[in-house]
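Here is a briefing on the structure shown below.

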Amino acid sequence: MTVVTADDAPSTRARAGGAGDARWYVIGAAVLLVSIVVGASIGPAGPESWRVPVALLDHLPLIAIDSGVTQAEWNIVWRIRMPRVILAALVGGMLSVAGASYQGVFRNPLVDPYLLGAAAGAGLGATLALTTGRNVTMSWSVDPVPTAAFVFAVLTVAVTYLVGASFSGSSSGSGRSGVTLVLAGVAVVAFVTAMQTFILQRNQDVVREVYQWILGRLSGATWSDVVLIFPYVAVSCLVLMLHRRHLDVFRVGDDEAAALGVSVGRTRVVIVIAATLGTAAVVSVSGLIAFVGLVIPHAIRLMAGAGYRRLIPLSLLFGASFLIIADIPGRMLSSPAETPIGVVTAFLGAPFFIYLLRTRRIV
Amino acid sequence: MSELIFDEVAVSYGKRPAVAPFTDGVGSGEWLGIIGPNGAGKSSLLRAAAGLVGHGGTIAVDGVSLAGMSDRDRASRVAYVAQNPLIPDDMSVFDYVLLGRTPYVGYFGTESTLDREIAAEVLDRLGLGEFAGRMLGTMSGGERQRVVIARALAQEAPVLLLDEPTSALDIGHQQQALELITELRRHQHITIVSAMHDLTLAGTYTDRLVMLSDGAVVASGSARDVLTAERLGEVFHVCVSVDIDPDDGTVIVVPRRGFPV
């Protein structure tokens with residue numbers, strides 16, 4: 001076997017690999033833009049749908065077109081629909097990026113952003129806020145429900161991490177075992193959910209309210225909701241984007257990653273903290289929107305490949321688009337009542353995912 | 001071109017010791033084979049040198065202790081190929097080999113053109129250039145083993161640790177992999193430590209053997225000195241005969257029927 005010949009000119013040039021990426025980013029950005037415009041154009045009240053894109057153009061700087069949309073109609077578009085669309089984009093993008101990151105650090109395809117207890121904790125926090133002195137807190141200028149949900153979501157994940165870390169890493173001292181953490185999450189989630197159920201059982205008058213909260217909703221979204229979660233989502237997504245190369249190294253296993261010079265335990269903590277903060281923030285305003293964080297990353301893997309370098313930004317773009325689109329039937333189906341967005345995401349997402357599984361080869 | 005020193009290196013899992021204090025020096029460009037029964041501590045010793053398990057004593061490359069280095073510094077000096085490396089099916093061969101450049105990429109950085117060229121060049125050198133775009137899941141066992149070695153070579157570390165590099169391969173691919181490592185060693189003067197199960201191959205390809213049993217060294221030296229039928233019977237509980245090829249002095253270990261004495 002004489003494969004080692006030093007003077008062999010490299011026949012394979014180092015391929016840049018950027019062309020394929022750029023194509024996908026352009027597609028993703030275009031889909032997101034179209035989704036935003038469509039999301040702002042459709043609704044049970046307001047101007048005729050075709051006029052909305054024209055009106056949006058009209059409001060861009062340096063462009064003046066007569067769209068025939070009255071100021072009152074424009075208020076519906078800009079004050080009611082647009083914050084809801086942008087919130088859907090933030091929530092969908094964040095959940096997808098967090099889901100992809102969690103799947104990466106734990107090398108587990110069944111992991112979603114709620115795995116370590118963000119959802120269960122948020123549920124408990126919201127339940128506590130809705131059952132404790134609600135008559136008084138209802139009139140507060142800042143609604144305590146999202147705050148309580150956020151705080152309990154973060155606390156629950158912290159407990160999971162402490163429990164998991166105290167069991168693993170006793171021999172190697174590095175806390176590297178992702179499996180232990182996942183199992184700790186299962187236990188903590190069960191415990192927290194039991195607490196929530198117990199509280200609900202004793203406060204049956206708020207069951208309906210809590211149930212609606214758990215199903216997730218984007219209705220009634222305002223620009224202040226958007227402003228509230230934007231910093232968390234921005235920081236979280238930025239940190240996760242900066243760790244996409246690390247997530248690719250994690251794919252070959254903790255040992256190999258460590259042998260390649262990655263500080264596995266520390267990097268995993270950074271990624272989990274970033275993903276958890278973002279998840280907790282979006283859960284606190286939108287409730288539990290199932291399925292998005294699990295399935296969007298998989299759908300992108302099937303379409304565009306499994307490398308995290310591409311997966312993380314595409315999850316942001318397509319996750320955002322998906323939730324904007326999924327929110328449209330929610331406000332139209334049983335108008336003026338709302339169909340919970342969590343129901344719609346599963347209803348739309350599950351068949352689409354099954355279609356992908358059938359048509360694309362799974363290696 | 002680096003020297004690897006083990007000075008009183010001990011590894012234990014909880015209270016259970018896996019490697020008793022082990023001292024050895026692997027010279028620059030030398031290939032040390034570590035043999036011994038399952039659980040003798042071969043892998044633990046390699047994992048300690050790769051920084052994957054904590055250890056007592058000192059492991060040093062060219063006089064610099066690994067314990068004081070950052071993870072990246074250590075990875076630029078010591079490359080490690082696991083016994084059963086996790087190989088993602090849906091990763092391309094090129095991307096996998098490119099991971100070998102990880103120690104040279106900044107925390108928030110990305111691979112440079114130089115990194116990509118080195119990866120491409122390693123692939124060509126190992127005759128894998130045409131596979132660059134293939135997914136790992138479509139490769140055969142022998143091809144994958146070469147890809148894994150390619151990744152370790154892209155790391156450009158002067159010390160290469162191989163844990164059972166041929167255990168999953170048929171006899172032909174075993175030989176090809178070991179010949180490949182031999183060639184690489186000659187051209188690049190890499191210092192190699194490998195754990196091996198096949199005693200005849202271990203004796204044939206390495207410069208020197210260390211036999212471990214229950215974490216302790218029971219023999220060290222040339223294949224002819226270490227691989228004796230009597231010692232193999234004691235340590236491996238196996239009945240073998242050991243032949244020496246009269247032409248080239250190769251030590252051949254042949255399993256025999258019967259129970260060890």
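**Where the chains meet**

In this predicted model, 31 residues of chain A are in contact with 48 residues of chain B. Two residues are in contact if their C-beta atoms, placed from the backbone, lie within 7 Å. On the side of chain A that touches chain B, α10 (244-250) and α11 (254-259) of chain A each supply at least two residues. α11(A) gives the most to that side, with four residues. Helices (H or I, at least four residues) and strands (E, at least two) are DSSP runs, numbered from the N terminus.

**Confidence and conventions**

- The model scores ipTM 0.89 and pTM 0.88.
- Chain B averages a pLDDT of 92, and 99% of its residues score at least 70; pLDDT is the predictor's confidence in each residue, from 0 to 100.
- Local features need pLDDT of at least 70, side-chain atom pairs count only at pLDDT 80 or more, and totals for chains, interfaces and linings use all residues.
- Residues are numbered from 1 along each chain as its sequence is written, while chains are lettered from A and ligands numbered from 1 in the order in which they are written.

**Chain A**

- Chain A has 15 helices and zero strands.
- Of its 363 residues, 48% count as buried. A residue is buried if 20 or more other C-beta atoms lie within 10 Å of its own, exposed if 12 or fewer, and partly exposed in between, with C-beta atoms placed from the backbone.
- Among contacts in chain A with a separation of 6 or more, 77% join residues 24 or more positions apart.

**Chain B**

- Chain B has nine helices and 12 strands.
- Its radius of gyration is 19 Å, close to the 18 Å that the globule rule gives for 261 residues, so chain B is as compact as a globular protein of that length. The radius is taken over C-alpha atoms, and the rule is 2.2 Å times the number of residues to the power 0.38.
- The C-alpha trace of chain B spans about 60 × 40 × 30 Å along its principal axes.
- Of the 261 residues of chain B, 47% count as buried.
- In chain B, residues 24 or more positions apart account for 65% of the contacts with a separation of 6 or more.

**Nonpolar core**

- The largest nonpolar core has 186 residues. Such a core is a set of buried Ala, Val, Leu, Ile, Met, Phe, Trp, Tyr and Cys residues joined through C-beta atoms within 7 Å.
- Residues with the most contacts inside this core include A:A153, A:V282, B:V78 and B:L161.
- α3(A) provides the largest share of this core, 16 residues.

**Helix α9 of chain A**

- α9(A) (residues 223-242) has 20 residues and reaches 28 Å from its first C-alpha to its last, close to the 28 Å expected. The expected span is 1.5 Å times one less than the number of residues.
- α9(A) bends by about 35° at A:I229, and a proline, A:P231, follows within four residues. The bend is the angle between axes fitted to the seven residues ending there and the seven starting there.
- Its buried residues include A:D225, A:I229 and A:Y232.
- The buried residues of α9(A) pack against α3 (71-106), α12 (264-286) and α14 (308-332) of chain A.

**Positive phi in chain B**

- B:D62 is not a glycine, yet has a positive phi of about 50°. B:D62 sits in the loop between β4 (56-61) and β5 (64-65) of chain B.
- B:D62 counts as partly exposed because it has 14 C-beta neighbours inside 10 Å.
- B:E164 has a positive phi near 50°. Its place is the loop between β7 (159-163) and α6 (171-188) of chain B.
- B:E164 has 18 C-beta neighbours inside 10 Å, so B:E164 counts as partly exposed.
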